[in-house]
Amino acid sequence: MQDRVPSNRDDDGSILTLDRVWAATRPPELSGDEFDRIWAGIQQAYDRPNVLPMIVSPRAEWSRRALGWVPFGLANAAAILLAAWVLNRPVVDLRPVVAQQPNPPASASTKFDLEPYETLVIQIDGDVVRDRRDKADENLSLAFNDVPTNNQNDALNHWEALSND
Amino acid sequence: MVVVLALGAVALSAIPASAQEMIGRQVTVFGVLATPGTSADDPKLKDVLPQLRLLVPGHGFKLLKVESKRLVSGEAVTCILGDGFVAASQLTAPIDPNGKIQMRFDLSFDGLSQYQTIVTTPPNQIFYVNRMLPNGERLIIGIGAR
């Protein structure tokens, strides 16, 4: 029986075919100088990467400026809205209810001729106007009897003094 | 007595109208807020509280404003009481044949006249306007002249 001799050739010859393909297509061996040149280029690119400069176009510049005006415009709009609201807000009458009289009583053209020591009280209750006249010497209801009307120390003096405060 | 009064009336009626117009009168208008159910009173009113209490019993009183001016015929004193109320008294006749003073009173609210009247009164007599307010308080206005 004859031993098989080791061979780089298969029965179908595939290895040889691969060897031939590799020999025909393999890149040429780099020389040392060539390798150093390429490597130096890589090193340089790593140290100083090329950055594309950002060229601002006039339109982009306008947009940037316009963007800067946006907050200013918004602030103005807010101020205008606030002012409009303040001017047109529903008025809440904070005055005491005492002053809020939607239906004032109608004016009355009346005349009174008072006698000495007579006190007149005109009472206005809504639309109703009534007058009450009291003679101090007949009805002491207003107590003007104890303040003589012709005395300089009368109530009118007191009120005049208060007006000077 | 009657003769004296009659002579006085004749004398006053003899005063020319132009001279009457020059006669001055001290006219006083005041406003007080009367609040029911309280005894809190403005200390400034202590001297007139008895009168105010008889005028409006069971109320506490707060002075709003007093105005007093010397006026001649046609002039007016205005008392701004606050909260839109203004009381004014115009001297229309400083002295009539009976020695009385005639005034036109006007109470307005927010610029609109609410009540007007003409009162002829002897000097040193106060007359009052007592106006009810919606919340039950009362606005007491006093007018006097001498």
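Biologist: Which residue is the bridge partner of A87(B) in β5(B)?
Modeller: L107(B) is the partner of A87(B) there. Bear in mind that this is a predicted model.

Biologist: How do β4 and β5 of chain B pair?
Modeller: They pair in the antiparallel sense, over eight bridges. β4(B) covers residues 85-93 and β5(B) covers residues 101-109.

Biologist: And how many bridges between β5(B) and β6(B)?
Modeller: Nine, and that pairing is antiparallel. β6(B) spans residues 112-121. F105(B) sits opposite T117(B) of β6(B).

Biologist: What do β5(B) and β6(B) form?
Modeller: A hairpin, with two residues between the strands. D110(B) lies in the turn and has a positive phi of about 50°.

Biologist: Let's switch to the open sheet. What is the strand order?
Modeller: The order is β3(A)-β2(A)-β7(B)-β8(B)-β1(B)-β2(B). That makes six strands, with mixed pairing.

Biologist: How do β1(B) and β8(B) run?
Modeller: Antiparallel, joined by eight bridges. β1(B) is residues 25-36 and β8(B) is residues 138-145. V27(B) stands opposite A145(B) of β8(B).

Biologist: What holds paired strands together in general?
Modeller: Strands of a sheet pair through backbone hydrogen bonds, in either a parallel or an antiparallel way.

Biologist: What does I141(B) touch?
Modeller: Leaving out residues up to four places away in sequence, I141(B) touches V29(B), G31(B), A87(B), L107(B), Y128(B) and V129(B). A87(B) and L107(B) are the bridge partners we began with.

Biologist: Back to chain A. How many helices and strands?
Modeller: Four helices and three strands. From the N terminus, the elements go α-α-α-β-β-β-α.

Biologist: What share of chain A is buried?
Modeller: Buried residues make up 10% of its 165 residues. Among chain A contacts with a separation of 6 or more, 9% join residues 24 or more positions apart.

Terms used:
Residues numbered from 1 in each chain as written. Chains lettered and ligands numbered in written order. Predicted model: local features only at pLDDT ≥ 70, side-chain atom pairs only at ≥ 80, totals over all residues. Pairing = 2+ DSSP bridges. Buried ≥ 20, exposed ≤ 12 C-beta atoms within 10 Å, placed from the backbone. Contact = placed C-beta atoms within 7 Å.
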